[in-house]
Amino acid sequence: MPSAQSSSTASAALSVHPSSPSVLTAQTFRSTARVADIELDEQGRANYEAARRSMPAQAIVDMAALKGNMKRLVEVVGGPESGTAVLGVVKADAYGHGLVPTALAALAGGAAWLGTAKVSEALLLRRAGIGPDRCHIIGWMSSAPAAPLDQLIVNDVDMGIGSFAGIDAALAAARRTARPARIHVAVDTGFGRNGFMPDEFDAALDKLVAGKQAGLLDVVGVYSHLAVADAPNNAAFVANTDDQVTSFSGFVDRMTAAGVPPRIRHLANTAATFTRPDTRFEMVRPGNGLYGYEADPCMGTSSDFGLTPAMSLQAQLGTVKRVPAGQAISYGRTYSAPQATSIAIVPLGYADGIQRSASGFDEQGALGIEHLGGPVRVITKNGPRLCRVSGRVCMDQFLIDLHGYADDLDVREGDTVQLFAPGRGADDLEPTADDWAANASTINYVIYTCLRNRIPRLYLHARDVLSESDLALMDPRSILS
Ligand SMILES: *Cc1c(COP(=O)(O)O)cnc(C)c1O
C-alpha cells in the first residue's frame, strides 16, 4: 500500500495522458446515438442499453488497456524469457475491475501467474474455467484451520503459508487429499503483517522440512511484501526497502541451508517492479500497475510508466433543477450555492462506493471549511465543464452545482457524466481516479476497489483481446465490444 500521501490539489493532479480514441468519454456516451459512433455492434449496444436500464451508472473497463498494461509489466522485467515471471494480482474482484475478465486480459498480456489474497477468489478463478494448463494461481491469505485448503490442493491452487497453524492446516489437507500442498512461505521482512518473524523461523523450518520429507509439502516459493517501495524519492524509505531486501535474503539462505530451498522468490509490488530491479527475483506481483495506475502520485503519472488506466466511471443524471442563490445543499448544509444556479443529481453515493470524504464544502470558503468535492465532467453545449460534488455525498446520490442554468448549458436529466477515466489533460477536463483520491484524502486503489457490484461492469475490446474460448468464460451481457 502506498505510504506517501499526495498533497496535490485536484487541479494540480489533473494529469496529461495521451488520448486514446478507443476509450469512451462522457461525450461519446451522451446519448445512445453516440454509442453507435464507437462502433458497438448490435449486441454490444443492446448490452449497454440493458445495463443503463438496470442502473444509471456504469464502470466501463477497457480490456485492451489491461492487456497492454500487463504487456508493459512483462517488458519491464525483461520479457517472457527473462527468468522473472509476472503474477497479476487480481484480489478484491481485481481491484473492482471484475475478477474473471481481468484475469483473462492479464493472461492475454503475458501474466504467467494470477494471485489473490482471499483463497476463495483463487478458487473462483479455477471454477470459472482458468485451468492449471493456463497458469499457476496462488491465494496467499487463509485463516487456518477453517480455510478450504483441500479445495486448493485438488484445484491446483498454491497457497501462502505464514503461521504455524497454517503449516498444520496445510499438512492436514495434504493428508486428506493424498497430495502434497504447494506452498509459498510468507516471511515478515519488516512490514509487520503476514509471515514468519526471523526469530520464529527455525521452528517453522523444522516443520517445513518434516512436511517435505513426509511428502506432504512442496515448498514452491518464499515471499514477502514491501511497505514503502512507493516512495523512491524518500531516502529513509529507500533504506527501509534495502533492509527488507537484506532480511529477505536472510530468510532465503536459511531455507536453503535447512534443505527447503525455494524455487520462486517473490517480493516486488507495482512500485518495486518499476523502480527496484533488485527485488524482481523469479517473480514480481504487480497489482495497481495492471489497472493502469502508479502506486502513488509522487511517483509520477500513469503515462510516465507506460500504463493506461483501464476503468471509466460514468453515470446518468437524475433530477436537474434551478435553486436560488444561497440554497444550502444536502445533509449538514455544508455547501451553499454562491449564485442562482442549477443543481443536478448524480445517482451514485457511498452505498456505491463513492467516498463520503469526497464531499464538497463551501467552494467560497464562507463557512470556513473549504474542501473541494470530487470532480465530475459534464458535457455542456459549450464543451466539457468540470463540476464538483457539492455538499455531502449521500447514500445513493450526490449533487453537483452546474454553476449556471441547465437550460443555458443544455444539460438535462439522463445526460451521461463522467467521474473518472484515463485522463485527457487539463483542456479536455477528464478527471482520473487520482483526482478523486486527492479530493477524498485517500489513495487511488480505494477509488476503484470500493465500487460496489450493483454498478455494472461493462467491457470494451473483449473480442480484440480474448480468444473465442476465453470470451466464452465471460458473462455475455457484460461485453460491449
Ligand atoms: C496487493 C498486493 C500486491 C500488489 O500491490 P500493488 O501495490 O497493487 O502492486 C502484491 N503483493 C501482495 C502480498 C499484496 O497484498
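I paired rings of Phe, Tyr and Trp (its six-membered ring) if their centres lie within 6.5 Å; planes under 30 degrees apart count as stacked, over 60 as edge-to-face and the rest as tilted. This is a predicted model, so I kept local features at pLDDT of at least 70 and side-chain atom pairs at pLDDT 80 or more, while totals for chains, interfaces and linings use all residues. Residues are numbered from 1 along each chain as its sequence is written, and side-chain values use heavy atoms, with hydrogens and water left out.

**Rings.** I searched the whole structure and found nine aromatic pairs. Tyr-95 and Tyr-291 have ring centres 4.6 Å apart and planes at 25 degrees, so I logged them as stacked. This pair joins distant parts of the chain, 196 residues apart. Tyr-95 is in helix H5 (residues 91-95), and Tyr-291 is in the loop between strands E9 (283-284) and E10 (311-316). Helices (H or I, at least four residues) and strands (E, at least two) are DSSP runs, numbered from the N terminus.

Are the two tyrosines, Tyr-95 and Tyr-291, buried or exposed? Both are buried. Buried means under 20% relative accessible area, exposed over 50%, partly exposed in between (1.4 Å probe, protein chains only).

I also noted a cluster: ring pairs link Phe-164, Phe-196, Phe-201 and Phe-251.

**Cysteines.** I looked for disulfides, meaning pairs of cysteine sulfur atoms within 2.5 Å. The whole structure has zero. For Cys-450, the nearest cysteine sulfur belongs to Cys-394, 18 Å away. Cys-450 is partly exposed, at 35% relative accessible area. Cys-135 is buried, at 4%.
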